Amino acid sequence: MSTSLSAPGAAPGRPPIADAGPQALCAREPRVPAERLVAEMVPPPRFDSVRFDTYDPDPTQPSQAEAVTVLSGFAAGLGGAHASGAGKRRWFARAPKNTAPSGPRGVYLDGGYGVGKTHLLASLWHATPAEPALKAFGTFVELTNLVGALGFQQTVQTLGGHRLLCIDEFELDDPGDTVLVSSLLSRLVEQGVALAATSNTLPGKLGEGRFAAADFLREIQGLSAQFRPLRIDGQDYRHRGLPEAPAPFSDEQVAKAAYATEGASLDDFPGLLEHLARVHPSRYGALTDGIAAVCLTDVGPVPDQSTALRLVVLADRLYDREIPVLASGVPFDKLFSDEMLNGGYRKKYFRAISRLTALARDAKPLVSQ
């Protein structure tokens, strides 16, 4: 593995560039306790400081500015006391049932990758006038993992006093988990919890292009009446007016940067892909705890779809945490085969390419010129 390399660039007779070599993601096998899962249901670091007024609508796409207006109003409408009062009384008495107001209690953000859906979802969380303990934000995978750790009833009790639950990347391609989460959300709506979500595209829905509202509303069945779809048109903002991603560096440049960068990790890409198969995707965030930069050697095309989907989740967690990615091998737009990019998970793969490209730009200063 690349982590066995000695510190490149060190002069003869002098110590390595860093006192200790870089870490290896492949050496990590994180365990995440249930209390951490609950505590971490907040917007990730990349979106900690975003607000509606930091969203940059594309002037050629009126739906983007409209989304800001609609979501701002939605947040303001959540300002009163919790609909059921469960936020104040849940530890002392059973919350009354069927007390949620009539009409939609949720909003669904529908758009392609890179139009700023997660930015808007996090801005909604920040704008909702409630203390952080009464708001939750997480991906679909994180929510299903919370149910697995706490159990269904305990999850209902834990989130039932909340004013808002935001779900990013609602997974439409797992029928079992979709039914589970839909049942959970139905119970939460009964207790007055407002909902907001984004989702992926169902496999095989190529003709529907970038939008997935019809799939989302159909898959959640009886819960669909609770959501107002909000379509957001536009191109990937990460490439709007930006230069092309930097070309991959050499193995030597990547390894040298890993040794010179405090908190960096260094792994060979094939080994990392094998390791991801042994770690549950819900733990990929914890896998990167304390990592300042991810350095990868020998990046090449992903061999199969299962591996590719795991890599998508890792790319999302790295992007959320603003961790630069420095790599040698093939460019990130060559990771996925034409068959994958034309298949049912194309939206996920293009999002991963977009995000890894942005992180590659962030990593460029790590290499000495």
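Student: Which residue just after α5 takes a positive phi?

Tutor: That's G151, with a phi of about 90°. Keep in mind that this is a predicted model.

Student: Which residues of helix α5 are called buried?

Tutor: In α5, residues 140–150, they are F140, V141, L143, T144, L146 and V147. Buried means under 20% relative accessible area.

Student: And what covers those buried residues of α5?

Tutor: The cover includes the helices α1 (34–39), α6 (152–159) and α7 (175–190), along with the strands β2 (135–139) and β3 (164–170).

Student: Why is S265 called buried?

Tutor: Set the value against the cut-off: S265 has a relative accessible area of 0%, and buried means under 20%. So S265 counts as buried.

Student: What does S265 touch, leaving out residues up to four places away in sequence?

Tutor: Its contacts are P22, Q23, L25, A258, I291, A293, V294 and C295. S265 itself sits in strand β6.

Student: What makes β6 a mostly covered strand?

Tutor: Count its residues: 5 of the 5 in 264–268 are buried. In a regular strand, side chains alternate between the two faces of the sheet. Here one side has A264, L266 and D268, the other has S265 and D267, and all of them are buried.

Student: How do you know that β6 pairs with β7?

Tutor: Pairing takes at least two bridges, and 5 bridges join β6 to β7 (residues 293–299). The two strands run parallel. As one example, D267 has L296 as its bridge partner in β7.

Student: Why does C26 count as buried, and C166 too?

Tutor: The cut-off is under 20%. C26 comes in at 17% relative accessibility, so it counts as buried. C166 is at 1%, so that residue counts as buried as well.

Student: How many disulfides are there?

Tutor: The count is 0. To be counted, a pair of cysteine sulfur atoms has to be within 2.5 Å.

Student: Which residues have the most contacts inside the largest nonpolar core?

Tutor: L120, L124, L335 and F336, in a core of 64 residues. Helix α12 (residues 305–320) gives the most to this core, with 8 residues. Apart from it lies another core, of 27 residues, among them V147, L188, F216 and I220.

Student: What is L124 in contact with, beyond its neighbours within four places in sequence?

Tutor: L124 contacts F52, L71, F74, A75, V107, L164 and A196.

Notes
Residues are numbered from 1 along each chain as its sequence is written. This is a predicted model: local features need pLDDT of at least 70, side-chain atom pairs count only at pLDDT 80 or more; totals for chains, interfaces and linings use all residues. Side-chain values use heavy atoms; hydrogens and water are left out. Buried means under 20% relative accessible area, exposed over 50%, partly exposed in between (1.4 Å probe, protein chains only). Helices (H or I, at least four residues) and strands (E, at least two) are DSSP runs, numbered from the N terminus. A nonpolar core is a set of buried Ala, Val, Leu, Ile, Met, Phe, Trp, Tyr and Cys residues joined through side-chain atoms within 4.5 Å. Contact means heavy atoms within 4.5 Å.
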